[in-house]
Amino acid sequence: MTDKNEQFDQDNSSEFSDEAVRRFLLGGLSASERPLFEQRLFTDDDLEARVRLAELDLADDYAFERLSTPDRRLFEQGFLVTADRQQKLQVSKNLRDRFSAKPAGRLEKSKVAKRLKHLFGLDRPAWRFAFGILILLILFGTAWLVIREPRIARQIANRMSPRRSPPQSAPLKAGHPTNTSMPEHQITPSPMPAHDQATVSPASVSIALTPAVSSQTSEVPALNLPKGEQDVVRLQLVLKADQTGPYRAELVTSEGSSVFSAEALKPNDSRAKIDFDVPARLLKTGDYQIRLGRGNEGSRESLGSYYFRVQ
Amino acid sequence: MSPAKKLHILRQEEFDRLLSWLDPDPRRAGLAYEKIRWRLIAILAARGCRSPEELADETIDRVARRVIDIQDSYVGDKAIYFLGVMNNVHHEYLKRPLPPRLPELNNDVEAKENTHLCLEKCLDKLTANSRRMIERYYAADKQAKIDLRKRIATEFGISLGTLRLRALRIREKLQACIEQCLQMEPF
């Protein structure tokens, strides 16, 4: 063996260096080097032996994470193209796990994971199938609940409405307190209960509004704001005779900024008006418009506008 | 079926003729065949082929079919003839659509453990000296590896290059032993 090794030592100083052999394996020989190397590989048994050993060395270096990033990429894309080389890499990884202190834990971990999986039978297809069915059931159940219980959908929509259109004129309400010394609680409008006749909010101020083409066409109704933080302004929107619900109302400022909106509004018992309750704290002195519509996000029909002024 | 597979219908008499052309002695002819095939695969892989084994077999098939015409007149290293045919096969390969990559080796824990068991068996078959060398050779990482290998080389009274070659030769034996073990052992 010593003779053979010495012979290899001599070969290492021959016309192809170990580095050239390695570049050949990674497909990195230049176009001028390659033909000579290939011809020699076909006729020179010693070069073949060196290439065979270099294959093992390369697989070891990859497994022990000793290759540079470009070489790792070349190894993965250009070297691991035969089953024989993949098997060599498998043995290199096993040698690493067997003898190298650092990655040995990986095998131990994988063994523990495997044993746990076997213990609970989690690797069986039946478990995967069961988990898949469970997830589908949860999804269908949720969808069914939302469809069958429109109140839930309405509550979700009402909660989302103020967030979709934060009042630009009220920075505190938009979640940006100017006073940094004190944390500001309740800076966003509290979720409003659904506009259902069964759950009427306490209204401090009430005003009836009729549809108008613009705020200039008639005298704009005016109201004074209540002082209480929890007070509500009830805007009674008078409906035209042929209008049917459900309705959607949006309160906007004279500049067009959205202040508040509510979905799925229903007319009162006489079917002549809709009660549109707005938290008083969202209103400031100025002119407002209410845009009344019908339908949902998919198909929306405008039914008219109402104007009022806060004094 | 790929174009290479379509051609891979070699008659037994053609294959026998190829072997006897390589060497009249069947054992030496078998070794020569294996060497040529390995070299073809190594070169084709280095050229970036995704299916070097398939192209190597296609090359050998073509040579086998031509042996009847060239065996009396061909002069020179027979292995070089394979290289010429391989160049043609490779040239044709470059004109074909790219074949899919070889799937990644199964990272199944079970396969890994089987290899691990075979490794243990094959390590037991090594001489005490070889085993000590291979255990120490693979024990350290990166910079620690360089220092450790210098120490091992000193202990064994050999150069670093010789140490590397000896270790790789043991590694080569282990590889062959493990492959044989995986084929033979019922896990």
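Helix 2 and helix 5 of chain B are oblique to each other in this predicted model. Two packed helices are described by the angle between their axes and the distance between the axes. Here the angle is about 130°, and the axes are 10 Å apart. Since angles over 145 degrees would count as roughly antiparallel and 65 to 115 as roughly perpendicular, this pair falls under oblique.

Which residues make the contact between helix 2 and helix 5 of chain B? From helix 2 they are B:L18, B:W21 and B:L22, and from helix 5 they are B:K78, B:Y81 and B:F82. By class, five residues of this contact are nonpolar, none is polar and one is charged.

Staying with helix 2 of chain B, residues 12-22, the buried positions are B:E14, B:R17, B:L18, B:L19, B:W21 and B:L22. These buried residues pack against helix 5, residues 78-95, and also against helix 3 (26-46) and helix 4 (52-70) of chain B.

Now the cysteines. A disulfide is a covalent bond between the sulfur atoms of two cysteines. Over all chains, the count is two disulfides.

One joins B:C118 to B:C181, with 2.0 Å from S to S. The torsion about that S-S bond is about -75°, so the disulfide is left-handed. B:C118 sits in helix 6, residues 109-125, and B:C181 in helix 9, residues 160-184, so this pair links distant parts of chain B, 63 residues apart. Both B:C118 and B:C181 are buried.

The other disulfide is between B:C122 and B:C177, with sulfur atoms 2.0 Å apart. With a torsion of about -90° about the S-S bond, this disulfide is left-handed. B:C122 is in helix 6 of chain B and B:C177 in helix 9 of chain B, so the pair ties together parts that are 55 residues apart in sequence. Are B:C122 and B:C177 buried or exposed? B:C122 has a relative accessible area of 3% and is buried, and B:C177, at 14% relative accessibility, counts as buried.

If you number the bonded cysteines of chain B in sequence order, the pairing reads 1-4, 2-3. Separately, B:C49 counts as buried, at 1% relative accessibility.

Last, some backbone angles in chain A. A:E65 is not a glycine, yet its phi is positive, about 55°. A:E65 lies in the loop between helix 4 (45-63) and helix 5 (69-79) of chain A. Its relative accessibility is 33%, so A:E65 counts as partly exposed.

A:A264 is not a glycine either, and has a positive phi of about 55°. Where is A:A264? A:A264 is in strand 5 of chain A, residues 258-265.

Key: Residues numbered from 1 in each chain as written. Chains lettered and ligands numbered in written order. Predicted model: local features only at pLDDT ≥ 70, side-chain atom pairs only at ≥ 80, totals over all residues. Heavy atoms only, no water. Buried < 20%, exposed > 50% of the residue type's maximum accessible area, 1.4 Å probe, protein only. Helix = DSSP H or I, 4+ residues; strand = E, 2+ residues; numbered from the N terminus. Contact = heavy atoms within 4.5 Å. Axes fitted to C-alpha atoms, helices over the stretch in contact; angles between N-to-C directions. Parallel < 35°, antiparallel > 145°, perpendicular 65-115°, else oblique. Nonpolar A, V, L, I, M, F, W, Y, C, P; charged D, E, K, R; others polar. Disulfide = S-S within 2.5 Å.
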